[in-house]
Amino acid sequence: MWYRIRRIINWINLSTPAGLLIARIGGAHTRKGEFGLVYAHGYRIPFPIANAFTVGNVVLTKYPDGFLQGRLLAHESRHASQYAACIGLPMLILYPLSLVISVAICGDIASWNVFERMANLEDGGYRRHPPRWRRISPH
């Protein structure tokens, strides 16, 4: 039930149409997927640097059909829910801001990125890194 509501919210907040436009510009082939998502395989633009990324209910990847499954798919599905919670397109500003904060705190794009943490870092293929001030430096 939640997936249907999320799909409607992400259409209304324009994040899913934006994701479909990005997929088209990137030359990806789209199809309906699980959890109310749209899979966009074969994305050809080398940005962002990620195995997959989500805009609205559209999950984009450079990899062929069949790549989006298991824990990675669950991770990306959580990002789709974040778009609904953030009222859509503001996430396109909030996510990079969270990424910059993560890099400042620990030198890693995901470890302290609130969106990646809430989507379960490990499911997305990320490793947790401690903040810079907790690292033991050799003397």
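The questions below take up the sheet, its strands, the loops, a helix and a surface patch.

Visitor: What kind of model is this, and what pLDDT do local features need?

Guide: Residues are numbered from 1 along each chain as its sequence is written, and side-chain values use heavy atoms, with hydrogens and water left out. This is a predicted model in which side-chain atom pairs count only at pLDDT 80 or more, totals for chains, interfaces and linings use all residues, and local features need a pLDDT of at least 70.

Visitor: In what order do the 4 strands form the open sheet?

Guide: Strands here are DSSP runs of E with at least two residues, helices are runs of H or I with at least four, and both are numbered from the N terminus. Two strands pair if DSSP finds at least two bridges between them. The sheet is open and its pairing is mixed; the order is β1-β2-β4-β3.

Visitor: Which strands stand at the edges of the sheet?

Guide: Each edge strand has a single partner, so one side of it is left without a neighbour in the sheet. Neighbouring strands are turned by 25 degrees against each other on average, direction ignored; the axes behind this angle are lines fitted to C-alpha atoms, for helices over the stretch in contact, and angles run from 0 to 180 degrees between N-to-C directions. The edge strands are β1 and β3.

Visitor: Which residue in the turn between β3 and β4 has a positive phi?

Guide: The two strands run antiparallel, with 3 bridges joining β3 (residues 53-55) to β4, and Thr54 stands opposite Val59. They form a hairpin with 2 residues between them. The positive phi, about 65 degrees, belongs to Gly56.

Visitor: Which peptide bond is cis?

Guide: Its proline lies in the loop between β2 and β3. Omega is near -5 degrees for the bond from Phe47 to Pro48.

Visitor: Where does Ile87 lie, and how exposed is it?

Guide: Ile87 follows α3 and is placed in the loop between α3 and α4 (91-106). Its phi is positive, about 60 degrees, although it is not a glycine. Ile87 counts as exposed because its relative accessible area is 63%.

Visitor: How far apart are the C-alpha atoms of Trp2 and Phe35?

Guide: Trp2 is in helix α1 and is partly exposed, at 42% relative accessible area. Phe35 lies in the loop between β1 and β2, has a positive phi near 60 degrees, and is partly exposed at 30%. The two residues are 33 residues apart along the chain, and their C-alpha atoms are separated by 9.0 Å.

Visitor: What is the area of the nonpolar surface patch with Met1 and Ile5?

Guide: Patches are made of residues with over 30% relative accessible area and no salt bridge: like charges are joined within 9 Å, nonpolar side chains (Val, Leu, Ile, Met, Phe, Trp, Tyr) within 5 Å. A salt bridge is a side-chain nitrogen of Lys or Arg within 4 Å of a carboxyl oxygen of Asp or Glu, and accessible areas come from the Shrake-Rupley method with a 1.4 Å probe, where for residues only the protein chains shown count as cover. Ile5, in helix α1 (residues 2-12), is partly exposed at 37%. Together with Met1, Trp2, Tyr3, Ile9 and Phe35, Ile5 makes a patch of about 580 Å².

Notes
Buried < 20%, exposed > 50% of the residue type's maximum accessible area, 1.4 Å probe, protein only.
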